[in-house]
Amino acid sequence: MSTPDFRTMTTGRLRSVVTSLAPHVEWSPIGLLGGLLCAFSAMLPETRVQRGSGSMPLMLHVLLCGGTGEGKGQSWGVACAVAKDANSTFMAGHVINGVVGGAGLIQAVADRDGHALIVDTEYARVLRAGRRQANLSQVLRDLWDGATVATSRAKEPVQVDDPRVSIMGHITPEEFRASMSATERDGGSYNRLLIFPVTQVRWLSERDQMPAHLIPEAGEAMARAVRHGQRAEVVTLSEDAYEAADIIRRDMLTKARESEELKPFAARCNEQVRRIAALYALFDLRSEVTPEDLEAAAALVTYAMESVQEITAGTGAKAKRQPLSLAEKVRARIEMHGGAATSSQVLPYVGATAAEVKELPGIVVTVEREGKSGRPKTVLTLRGDTPVHAEQPVPTPQPMPAAPEREQNRATVVQMDAYRRAPRQAPEPAPELKRPEPLDANPFRALL
């Protein structure tokens, strides 16, 4: 499925962190955002968020969903690097690599004082094991709820009274569909998971490496947020957030219940919104959830639910298997070279002739010469009104704001589609350069 603009799904400092990192990752920023949120939630074991007259923990259980070799590892790898920079002690001593059954998982959580981040890059095995071992599915549900978990061993039983456990898992669309039985789906094992598809949004040359300063800067921003969050006991709603919360709750539940595929996932959608909104507030060094936090969190949860609908229907997997079109290949090559590429940098790599490339819509072909006696070269560029990708482009990284962002003109949330703000209008087309006289040696002479 297409990747919407992640900026409508996050706020403030966390948005700035993702914006700074995303241009250096080939895969959709949503996967990176999900990884950062999961790691951040795991580092706040004692912090809770208001829910009605009570409160709930902030732990998130996130699944990155994509085909083999399609960026799940890279997305989590960047998020993990930021988390290690922010809190190396936690990442060194509280990470559980893989789930080994209900009793083994409880023991591993107890060994880490009830506070852990589970990372399982083969989460399909966990879902399959949950179908054979009812206690494993129940343990995973209890961990999300923060409820007591215990083993049933006669000798040396283990009990964790207040577990605080986040989960980061990887799975392919095919595995997700195959492992989702009706019993497990309706029983609540899946509605506690946030499913974020990971898709490719750009091609990067191997010369394009992550600037050395970005991970430490993002890590420092997360470290400050962790210190603030650990001091906060309960994140509350600001006075003007209650109305937005009521509208979001009614609208999401109503919309989700209209779809058979989404019904099983509707029961926890508002709890997911509240947890994510609280994490946005804490990352901005605040202790109150604003309407903007709620709307951004609702947009992210909506996207996760719609992704589930497409994955279970199989449309997402079919789309990934389709080969890139010639136009997509040419645009990717042009973008790789900074928006302008010579014919020798494009034609050998896309398997097309000069005539075929010339006929593509949105491709501008010009002949340029360096100086009076320089050798002419054919340059390919994109028209200003032609998007490089079908997905939303990632903006130029902006410096992290010194204070939380507040939007002045916030639209009232009235329906699920309203959580996605319209993408920015594309820039005006750049005027075509005047073509110099073509030379006989130029392969594009006859075409121009």
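In the predicted model, the buried residues of helix H1 are Gly12, Arg13, Leu14, Arg15, Ser16, Val17, Val18, Thr19, Ser20 and Leu21. Helix H1 spans residues 12-21, and because ten of its ten residues are buried, this helix is largely enclosed by the rest of the structure. The elements that cover the buried residues of H1 include helix H2 (29-42), helix H3 (72-86), helix H10 (214-231) and helix H13.

Two packed helices are described by the angle between their axes and the distance between the axes. Helix H13 covers residues 269-283 and helix H14 covers residues 291-313; their axes come within 8 Å and cross at roughly 130 degrees. The two helices H13 and H14 are therefore oblique to each other, and their crossing is right-handed. On the side of H13, the contact is made by Cys269, Gln272, Val273, Arg274, Ile276, Ala277, Tyr280 and Ala281, which meet Asp293, Leu294, Ala296, Ala297, Ala298, Leu300, Val301 and Met305 of H14. Sorted by class, the residues in the contact of H13 with H14 comprise 13 nonpolar, one polar and two charged.

The crossing of H11 and H13 is right-handed. In this contact, Ala245, Ile248, Arg249, Met252 and Leu253 of H11 meet Cys269, Asn270, Val273 and Arg274 of H13. The contact of H11 with H13 contains six nonpolar, one polar and two charged residues. An α-helix has 3.6 residues a turn, so residues three or four places apart point the same way.

Four strands form an open sheet in the order E2-E1-E10-E11, with mixed pairing. Strand E2 (54-57) and strand E11 are the edge strands of this sheet, each pairing on one side only. Within the sheet, strand E1 (residues 48-51) and strand E10 (residues 234-237) run parallel and are joined by two bridges. Val49 has Val235 in E10 as its bridge partner.

The loop between strand E11 (288-289) and helix H14 contains Thr290. The relative accessibility of Thr290 is 5%, so this residue counts as buried. Thr290 and Ala241 are 49 residues apart along the chain, yet their C-alpha atoms are separated by 5.3 Å.

A further open sheet is formed by five strands in the order E4-E5-E8-E3-E9, and its pairing is parallel. Its edge strands are strand E4 (95-97) and strand E9 (193-197), each of which pairs on one side only. On average, neighbouring strands of this sheet are turned by 20 degrees against each other, direction ignored. Strand E5 (residues 115-120) pairs with strand E8 (residues 164-171) in the parallel sense over six bridges. In this pair, His115 stands opposite Arg164 of E8.

Antiparallel pairing is found in the strands that pair with E14. Strand E13 (residues 363-369) and strand E14 run antiparallel and are joined by seven bridges. The bridge partner of Val365 in E14 is Leu380. Strand E12 (residues 340-342) also pairs with E14 (residues 376-382) in the antiparallel sense, over three bridges. Here Ala340 stands opposite Thr381 in E14. Strands of a sheet pair through backbone hydrogen bonds, either parallel or antiparallel.

Most residues other than glycine have a negative phi, and most peptide bonds are trans. Asp113, a residue other than glycine, has a positive phi near 60 degrees. Asp113 is located in the loop between helix H5 (102-111) and strand E5, and its relative accessibility of 63% means that Asp113 counts as exposed. Glu156 likewise has a positive phi, of about 50 degrees, although it is not a glycine. The loop that holds Glu156 lies between strand E6 (149-150) and strand E7 (159-160). With a relative accessible area of 69%, Glu156 is exposed.

Note on methods. Residues are numbered from 1 along each chain as its sequence is written. This is a predicted model: local features need pLDDT of at least 70, side-chain atom pairs count only at pLDDT 80 or more; totals for chains, interfaces and linings use all residues. Side-chain values use heavy atoms; hydrogens and water are left out. Axes are lines fitted to C-alpha atoms, for helices over the stretch in contact, and angles run from 0 to 180 degrees between N-to-C directions. Angles under 35 degrees count as roughly parallel, over 145 as roughly antiparallel, 65 to 115 as roughly perpendicular and the rest as oblique. A crossing is left-handed if the near helix is turned anticlockwise from the far one by less than a right angle, and right-handed if clockwise. Contact means heavy atoms within 4.5 Å. Ala, Val, Leu, Ile, Met, Phe, Trp, Tyr, Cys and Pro count as nonpolar, Asp, Glu, Lys and Arg as charged, and the others, Gly among them, as polar. Buried means under 20% relative accessible area, exposed over 50%, partly exposed in between (1.4 Å probe, protein chains only). Two strands pair if DSSP finds at least two bridges between them.
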